[in-house]
Amino acid sequence: LVAGLGVSVFSKPLVILIGLAIVGVQTAQSYGIKLVPYNTLQKYFKGVDLRSAVQDNVALKISFGMMFALSAFAEF
């Protein structure tokens, strides 16, 4: 939520697009559709297991993406 609020100060449409992209990629991944080539990216990021980072805690990532997108409408 704090990250979404921080980015929304600069651009509300950007926050909505990033949040919906997170939700969309996670939803597609749960149906078996691979939108991001993780095997190719894994060659560049040696110290991080990208497959585990994407496939573990899917509910947390979807709720994070939703809160990130909804934070664009928050006013403070």
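These questions and answers go through a predicted model of one protein chain.

Colleague: What percentage of the 76 residues of the protein chain count as buried?
Modeller: A residue is called buried when its relative accessible area is under 20%. With that cut-off, the buried share of the 76 residues is 22%.

Colleague: What should helix H2 span, and how far apart are its end C-alpha atoms?
Modeller: Helix H2 covers residues 12–30, which is 19 residues. The expected span takes 1.5 Å times one less than the number of residues. H2 should therefore span 27 Å, and this agrees with the distance between its end C-alpha atoms, 27 Å.

Colleague: Which residues in H2 are buried?
Modeller: An α-helix has 3.6 residues a turn, so residues three or four places apart point the same way. In H2 the buried residues are Val15, Gly19, Val23, Gln26, Ala28 and Gln29.

Colleague: Is Val15 buried or exposed, and at what relative accessible area?
Modeller: Val15 lies in helix H2. Buried means under 20%. Val15 is therefore buried, with a relative accessible area of 0%.

Colleague: Why does Gln26 count as buried, and which residues does Gln26 touch?
Modeller: Gln26 is also part of helix H2. Gln26 counts as buried because its relative accessibility is 7%, and the cut-off is under 20%. Leaving out residues up to four places away in sequence, Gln26 touches Val54, Val58, Lys61 and Ile62.

Colleague: Which residue just after H2 takes a positive phi?
Modeller: The phi in question is about 90°. The residue that takes this value, just after H2, is Gly32.

Colleague: Is Leu35 buried or exposed, and which residues make a nonpolar surface patch with Leu35?
Modeller: Leu35 sits in the loop between H2 and helix H3. Its relative accessible area is 54%, so Leu35 is exposed, the cut-off being over 50%. The patch has an area of about 380 Å², and Leu35 makes it together with Tyr31 and Ile33.

Conventions: Residues numbered from 1 in each chain as written. Predicted model: local features only at pLDDT ≥ 70, side-chain atom pairs only at ≥ 80, totals over all residues. Heavy atoms only, no water. Helix = DSSP H or I, 4+ residues; strand = E, 2+ residues; numbered from the N terminus. Buried < 20%, exposed > 50% of the residue type's maximum accessible area, 1.4 Å probe, protein only. Patch = residues over 30% accessible without salt bridge, like charges linked within 9 Å, V, L, I, M, F, W, Y side chains within 5 Å. Areas by Shrake-Rupley, 256 points an atom, 1.4 Å probe, with all protein chains shown as cover. Salt bridge = Lys/Arg side-chain N within 4 Å of Asp/Glu carboxyl O. Contact = heavy atoms within 4.5 Å.
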